[in-house]
Amino acid sequence: MNSNTVSKKILLASPRGFCAGVSRAIAIVEKVLEKYNNDTVYVLHEVVHNRHVVENLTNKGIVFVEDINEVPNESIIIFSAHGVSAKVEQIAKDKKLKVFDATCPIVDRVHRKVRRLSKEGHDVIMIGHAGHQEVEGTLGQYTNPNGKICLIVNSDDIESLPKLKEENLNFVTQTTLSVDETKECIEALQQKFSTIEKPNINDICYATQNRQLAVKTVASMADLVLVVGSQNSSNSKRLSEVAASVGCKSYLIDDYTNIKPNMLENVNTIAITGGASAPEYLVNDLIEYLKSQGYGDIEEIGSDNEKQNFKMPSELI
Ligand code: SF4
């Protein structure tokens with residue numbers, strides 16, 4: 001497209017931004033802060049993976065820690081939306097911490113499944129990214145020394161799996177993976193292990209699926225996709241990868257200040273989306289910035305029909 005003759009426009013992917021799990025996790029932190037305003041409130045890991053959210057909560061007095069052992073005994077602690085391992089839960093008990101659990105109920109559903117399989121002694125394969133907090137938490141829910149839970153990231157890893165008990169072999173997935181890549185990996189698993197459990201759905205959550213579908217649509221109509229989200233946000237990263245997978249250039253940015261002039265060279269149509277942990281005000285700031293760069297028309301593509309809402313812990317209602 002010739003940038004001199006074609007009008008510059010913005011396509012907004014819908015749905016985008018906060019999911020129900022993130023909204024709940026942030027609401028839990030704010031409620032606990034309000035209720036225990038004379039105490040120090042600790043949060044184990046970033047409550048959701050977004051730099052702006054974490055900075056805002058830090059400014060309100062929250063103390064984020066990476067290791068539960070840093071938290072003084074009998075303090076108040078909030079577990080992040082990504083969930084924690086059984087070992088961390090035990091340490092919290094031993095230290096007599098008052099725990100508020102902001103684990104997303106969808107992650108919690110995966111935890112329950114892993115705990116059941118662990119109890120029954122079945123081996124489990126988890127598809128996910130090593131080192132991600134959600135993955136660490138889910139792997140750490142498997143506690144049976146007579147069974148195994150093994151992590152793979154894609155189908156290439158299947159060959160290097162150790163020997164597994166094939167009877168009642170099961171798999172679970174991280175909730176924020178690429179839908180397409182996970183499908184391919186599950187098909188490869190099912191080819192290798194004919195007895196593996198075949199659930200109708202994997203564990204990728206509704207928000208991840210909807211945002212990936214929406215970004216795919218806008219990416220096919222745009223010269224560039226800007227994903228608002230932090231680098232350590234798994235679902236945001238996947239959005240940028242999904243855009244790239246349909247042939248559109250894409251950048252993952254924390255906010256509009258990350259934009260360099262060369263990123264917009266020869267770009268007439270910019271699509272914008274936000275990861276599930278990215279606040280909408282950052283998308284609005286980005287739109288204002290792009291308007292100042294001559295991107296006048298704004299069109300929303302898709303529709304946000306998400307009705308999901310998760311209950312707050314009873315103690316905070
Ligand atoms: S992205 Fe999905 S799993 Fe993660 S917090 Fe949101 S709804 Fe829950």
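I began with Glu89, which I found in helix 3 (residues 86–94); helices (H or I, at least four residues) and strands (E, at least two) are DSSP runs, numbered from the N terminus. The model is predicted, with local features needing pLDDT of at least 70 and side-chain atom pairs counting only at pLDDT 80 or more, while totals for chains, interfaces and linings use all residues. Residues are numbered from 1 along each chain as its sequence is written, and side-chain values use heavy atoms, with hydrogens and water left out.

I then looked up the accessibility of Glu89, which counts as partly exposed because its relative accessibility is 29% (buried is under 20% relative accessible area, exposed over 50%, partly exposed in between, with a 1.4 Å probe and protein chains only).

Next I turned to the ligand and noted the residues around it, among them Cys19, Cys104, Thr175 and Tyr206, where near means that a heavy atom of the residue lies within 4 Å. Domain 2 (20–104) and domain 3 (106–202) both give residues to this shell, so the ligand lies between them; the bounds come from an automatic or database domain assignment.

Lastly I searched the whole structure for aromatic pairs and found two. Tyr36 and Phe100 form a tilted one, at 5.8 Å centre to centre and 55° between the planes (rings of Phe, Tyr and Trp, its six-membered ring, pair if their centres lie within 6.5 Å; planes under 30 degrees apart are stacked, over 60 edge-to-face, the rest tilted). I noted that both Tyr36 and Phe100 are buried.
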